[in-house]
Structures are given as structure tokens and as C-alpha cells.
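Reader: I have a few questions about this model. Please keep the answers brisk.

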Amino acid sequence: MSQGENGLAVETRGLVKKYGAFTAVDNLDLKIERGETYGLLGPNGSGKTTTIKVLCDLLKPTGGEAFLLGKKVGDNSIAPRIGYMPQETALYLDLSINDNICLFGEVYGMSRAEIASAEKELLEFVDLTKWRNTPVSNLSGGMRHRTSLACSMIHNPELLFMDEPTVGVDPELRASFWEYFETLGKRGATVVITTHYMDEAHRCGKIGVMRQGKLIAEGSPQDIIQSTGCGSLEDAFLELARKGGHHAD
Amino acid sequence: MRIKRALAITKRIFRGLRHDRRTVALIILAPVLAMTLFGIAFSGEVEDVDVIVVDHDGSDLSNTIIGNLDEQTLNIRFMDSEQEAVKKVEDGNAWAVFVFPEDFSQNIATKNAVIHLRGDKSNVNVASAIATTLREAMTETLTQAGGEMPVSVSESPVYGEDAEFIDFFVPGIMAFAIFLLTTLLTLLAFVGERTSGTLERLKASPMRDGEIVLGYVIAFGVIGMVQAFLLLIIATVGFNITIEGNPFLAYIIVALLALVSVNLGILLSAAAKREAQAVQFLPMIILPTFLLAGIFWPVEAIPSFLRWASFAIPPTYGVEAMRSVMVRGWGLGEIWMELVVLLAFALVFMILSVKSLQRGKG
Ligand SMILES: Nc1ncnc2c1ncn2[C@@H]1O[C@H](COP(=O)(O)OP(=O)(O)OP(=O)(O)O)[C@@H](O)[C@H]1O
Ligand SMILES: [Mg+2]
């Protein structure tokens with residue numbers, strides 16, 4: 001493991017993000033180990049995307065501190081080492097899959113040969129090899145999502161943030177995605193994923209449940225199920241969401 | 001700052017054009033159409049103006065004056081009744097009636113000869129063309145008769161010998177077209193970058209804000225140069241405009257103006273959330289530029305209380321410099337001031353546009 005200020009991939013201390021008077025992230029303390037596959041869960045609007053954007057230095061925190069790979073967020077040495085897959089597709093529709101991937105490869109300073117070999121592997125993984133030269137505007141929603149995923153991983157990042165990467169992806173591919181994420185974990189990469197699918201949450205080494213900008217539960221899927229005394233992760237999740245009175249019936 | 005990363009942005013803009021016929025059409029057709037239409041519309045002087053002559057005098061003198069009226073400018077008809085002739089003007093079938101009274105030639109001796117001009121002066125350009133033609137015909141008649149005006153003006157132009165109105169406004173149209181199109185293209189492209197989320201993706205990468213801006217500057221700067229080339233070709237080949245000065249210098253002006261425009265486009269994109277909103281900015285760019293930049297009306301014709309606004313907008317300097325190079329044949333030594341001002345605008349806008357990328361972080 002590479003040496004940082006400490007061993008953590010992600011650490012936040014009292015992180016706060018407000019939009020005007022509205023608090024989207026409320027005093028968040030996150031600790032994510034390197035090599036971990038971390039699932040960030042929570043109902044719509046609980047602050048998952050906002051948290052990721054603050055971590056990727058796309059939004060300035062209102063309060064608190066955040067560190068990635070031992071460096072304070074904002075440090076220029078972080079960006080080349082992380083990958084970010086936004087919740088929206090965020091691709092150039094006029095460009096082919098290949099052009100999109102090459103652009104991001106170039107942006108990360110990769111050579112042509114490096115891009116070519118990484119692209120080959122990624123396209124096989126997302127099963128888009130034969131669509132390589134098709135403009136993204138001609139692809140289906142799920143295919144765009146797969147392209148977006150490939151773009152965020154072209155530079156083989158140590159730390160990967162993926163905001164709902166499997167939305168609209170068919171079950172077969174979702175399964176292969178997760179196999180791939182697990183391979184990444186084995187290679188030592190840290191993967192932070194948001195999802196609304198409980199079967200996916202099950203495959204995470206650790207999950208954190210957010211509600212109204214706060215982390216209300218954290219642990220392995222088993223820990224979460226046990227701590228709530230529920231039979232399944234699904235029930236546990238609903239139980240947690242209910243407890244605060246936010247989703248009261 | 002890594003030029004390679006900036007060039008990656010430039011490359012993707014050009015690659016995108018391969019699949020975007022609409023934008024390519026806008027890039028090529030807009031300047032071609034603008035120059036052609038303006039050229040055709042403004043190259044002609046006022047011609048074929050319908051006028052009616054009522055000659056009650058019927059003398060040699062009145063005939064000579066009538067014969068000296070420029071037939072290219074005027075379409076002359078003759079009538080006997082002044083009333084009927086004026087009725088034609090009232091009905092909009094003619095622009096003016098020239099009436100030579102019965103005693104016209106007799107009154108010459110007492111210097112009381114009068115030609116009555118009953119005109120429709122609702123169109124200033126037509127009215128002034130009629131008055132000028134009549135005056136020229138009289139001067140010519142006088143000269144033919146051996147008479148001389150006691151004073152004459154001998155003209156030998158310092159600049160713009162043989163220059164017509166089209167020579168005056170072509171440099172203006174060039175500067176205007178480049179300014180408008182570059183701003184518009186950048187604005188649309190950058191709004192797309194913001195709304196699709198690709199900008200965010202770039203910002204999460206090692207890409208610096210300045211590199212993104214530079215990538216855009218290079219791409220749309222090159223596009224602006226291509227457009228300027230098209231405009232110059234049409235102006236020189238199609239409308240016989242001669243470029244008195246160094247065309248290369250004209251190119252430098254265009255490049256600076258494009259630099260200003262790209263950054264203005266990026267700046268405006270920060271205020272627009274959607275493409276539709278971006279389009280709403282158009283009148284805000286077009287109108288002041290059209291009215292205040294000295295394209296059709298000299299800045300001197302703008303009321304003095306508003307003239308500061310002319311000097312506050314960049315295209316004014318582009319138009320002025322362009323005109324100096326193309327019509328006056330001036331060189332760097334004479335137009336450096338305009339270039340410096342444009343460069344200053346470009347730098348300020350560039351700093352602001354980079355800053356505008358950092359904002360929005362909230
Ligand atoms: N730019 C913004 N301005 C104001 N409020 C915002 C902005 N972006 C997000 N919010 C608010 O912040 C809260 C958290 O939003 P966020 O997108 O982080 O939620 P999320 O957990 O990612 O939800 P989802 O599961 O729907 O993706 C929401 O209530 C949202 O309305
Ligand atoms: Mg979200």
C-alpha cells in the first residue's frame with residue numbers, strides 16, 4: 001500500500017455542505033479503507049451525490065475537512081489518481097465511444113498506446129467493442145451508461161467514485177460489472193459506489209446509510225442487518241429510513 | 001498548464017463537428033450568407049427612382065437641364081398637368097415632381113428662376129439622391145453654358161479613392177460576423193458542456209480551468225480564422241473589394257477579436273442554464289454591436305452621451321482597425337492602439353472566464 005498521511009482512501013471530518021440555507025451534507029464523518037468496496041446508500045435527496053462531488057473537489061465544502069489518499073481535497077496530486085463517474089451520463093453525444101474514451105485518456109496524460117490497450121480491455125468488459133465507432137447519440141441509455149463507466153476508468157484510478165453506475169444496465173451486465181468491481185478491489189483499488197439496489201449493497205464490503213445528509217448507520221451488510229434486527233438488508237434499510245421520522249407513515 | 005491537455009479539448013471540438021452537420025453549416029453558411037446579402041443589398045447606389053417632369057417652360061434651357069439629369073438614378077416621365085403629377089406622388093407612384101414654370105427661362109436674367117420640387121421625402125436616401133441629381137444637372141448645364149461657379153472644390157482623397165459604401169462597411173461586417181458567430185458558437189458549445197455534465201467530469205480530472213479555456217480558444221479561434229478567410233474571399237472575388245493594407249494584419253485583428261469572443265461566450269454560458277437561455281443573450285450581443293460599433297454609422301454619429309458605450313464594447317476597435325487596414329491601408333504603426341485595446345479586452349475576459357469556471361462550486 002502506498003503511504004499517505006494515513007492509510008485511508010477517504011476521510012471526512014465534520015463535513016458540511018449547504019446550498020443556501022439548506023443543509024445537504026450534515027456533519028459527515030466518513031472513513032473508507034483502501035481496497036474497500038464501499039456502498040453509499042440512502043433515499044433520494046439524502047446527500048450521496050453532494051458528498052461525492054465535494055470529495056471530487058467539484059463543490060466547496062461549507063465546513064469540515066475532507067482527505068483523499070492522505071491528501072487534503074483540493075491538492076493537485078489527487079486528481080490523476082481518482083476516477084469519477086457522474087450520476088448523469090456526461091458524455092459528448094457527437095463523439096463516438098472511442099473518441100470519448102480517447103479524450104479522457106488524453107486528459108489524464110496517457111500515451112496513445114496506453115489508451116489503446118486500456119480501451120480494448122474496458123470495451124470488452126462493458127461489451128461495447130463492436131460499437132466502438134458509433135456516436136454516443138445513437139446508443140441506448142444503458143449503453144451510454146456503460147460508456148460513461150469506461151471513460152471514468154480509462155486511467156486505472158486508485159480510487160473510483162461511481163454515482164449509480166448500474167442504473168438502466170441489464171441484469172446480466174450488472175452481474176459482470178460487480179465481478180469487475182470486485183477484481184478492482186483485489187487489485188487494491190478503492191471503489192465508492194452509490195446505489196438503490198439492495199442486491200448490489202450486499203456485494204459491498206462495507207455500506208454507509210445516509211439520511212438527510214447524516215450518516216445514520218455504517219458497517220458490513222451483515223452488521224447492518226443485525227443492528228436493526230431485521231431479516232434482510234432491504235427491511236433494514238426501510239427500518240433505518242423510517243426511524244428518523246423522515247419517511248414516517 | 002499543459003498545452004497537450006488543452007489540445008485534447010480542441011481536438012474533441014473538431015471531432016464533434018464531424019457528426020454535427022448543423023453546426024458546420026452555421027460555421028460556413030452564416031458568414032457566406034451575411035457577406036453576400038449585405039454585399040448585394042448595399043453595393044448598389046440608389047437607382048431607378050420614378051420622377052415626373054412638368055415642363056411649362058419648354059425652352060432650350062429647361063430641356064438642357066432635363067437632359068443632364070442622370071438617367072441611371074432617375075426614371076423620368078413627362079406630364080403636362082402639375083396637379084396630376086403631384087397626385088401620382090400622393091398615390092405613391094412617383095417620388096418627386098420637377099416643375100419648370102412658364103417664366104423659368106425668362107427669369108434667369110433677373111436671377112429669379114425657380115424649379116419647383118414637389119417630393120415625397122419620407123425616404124431620406126431617395127430624397128437626397130433626387131436633390132443631388134438635380135443639383136448636378138444644374139451645375140453641368142451651367143458649365144456647358146460657359147458659366148463658372150465662383151468657387152470649386154478640387155478633391156484628391158487622402159484615403160479611400162474610389163471607395164464606395166461597400167468598402168466602408170465590409171470591414172465592419174467582417175468584424176461583426178466574427179464577433180457574433182464566435183461568441184454564439186462558443187456559448188452554445190459551452191452551455192452543452194455545462195448541462196451535459198462533461199464539464200464536471202473534466203473538472204474532476206487533472207485538467208485545469210485555464211486549459212479548458214485555452215482548448216476552446218484554439219478551436220474557435222481557428223474556426224474564426226476560417227470564417228474570416230471565407231468572408232475575405234467573397235468580399236474580394238464577389239464584390240471587388242480591394243484590401244489596401246496587409247491581409248495578414250487583418251488576420252491578427254480577427255484573431256484578437258475571436259479571442260475576445262470565445263471568452264465572452266464562456267462567460268455568458270455561466271449565466272445560462274440551458275441552450276434556450278443562451279439564445280436569449282443574442283439580442284444583447286447583436287443590438288449594441290450593430291448600433292454602437294460603427295459598422296454602418298460612424299461612432300461620430302452616435303450622440304455624445306452614448307458614445308462611451310461605443311468605446312466600452314470590443315467590436316468597435318475591431319471594426320475601426322479592420323477599416324483602417326482594408327480601406328486606408330494602414331499598418332501596425334497606425335493601428336497598434338486598437339490592437340492593444342483588443343488584447344486588453346481579451347486578457348480581462350480570459351481571466352474572468354477562467355474565474356467563472358471556478359465559481360459555481362458553491
Ligand atoms: N445545486 C443545488 N442547489 C440546491 N439544492 C441542491 C442542489 N443540489 C442538490 N440539492 C439538494 O440537496 C439534497 C441532496 O441532493 P443529492 O443530489 O446529494 O442527493 P442524492 O442522495 O444523491 O439523491 P439521489 O438518490 O436522488 O441521487 C437534495 O435535497 C437536493 O434537493
Ligand atoms: Mg444522487
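Reader: At what angle do helix H8 and helix H14 of chain B pack, and how are they oriented to each other?

Author: The model is predicted. In chain B, H8 spans residues 209-239 and H14 spans residues 332-358. Their axes are 9 Å apart and the packing angle is about 125°.

Reader: Is B:Thr141 buried or exposed?

Author: B:Thr141 sits in helix H5 (residues 124-144) of chain B. Beyond four places in sequence, B:Thr141 contacts B:Leu61, B:Thr64, B:Ile65 and B:Asn68. Buried means under 20% relative accessible area. The value for B:Thr141 is 7%, so B:Thr141 is buried.

Reader: Which backbone oxygen does the side chain of A:His155 reach?

Author: A:His155 lies in the loop between helix H4 (141-153) and strand E8 (159-163) of chain A. A:His155 is buried, at 12% relative accessible area. Leaving aside neighbours within four places in sequence, its contacts are A:Pro80, A:Ile82, A:Gly83, A:Tyr108 and A:Met110. At 2.7 Å, the side chain of A:His155 reaches the backbone oxygen of A:Ile82.

Reader: How many Å apart in space are A:His155 and A:Tyr108?

Author: A:His155 and A:Tyr108 are in contact. In sequence they are 47 residues apart. C-alpha to C-alpha, the distance between A:His155 and A:Tyr108 is 6.6 Å.

Notes: Residues are numbered from 1 along each chain as its sequence is written. Chains are lettered from A and ligands numbered from 1 in the order in which they are written. This is a predicted model: local features need pLDDT of at least 70, side-chain atom pairs count only at pLDDT 80 or more; totals for chains, interfaces and linings use all residues. Side-chain values use heavy atoms; hydrogens and water are left out. Axes are lines fitted to C-alpha atoms, for helices over the stretch in contact, and angles run from 0 to 180 degrees between N-to-C directions. Helices (H or I, at least four residues) and strands (E, at least two) are DSSP runs, numbered from the N terminus. Buried means under 20% relative accessible area, exposed over 50%, partly exposed in between (1.4 Å probe, protein chains only). Contact means heavy atoms within 4.5 Å. A polar contact is a pair of N or O atoms within 3.5 Å; within protein, one must be able to donate a hydrogen and the other to accept it, and residues adjacent in sequence count only if both atoms are side-chain atoms.
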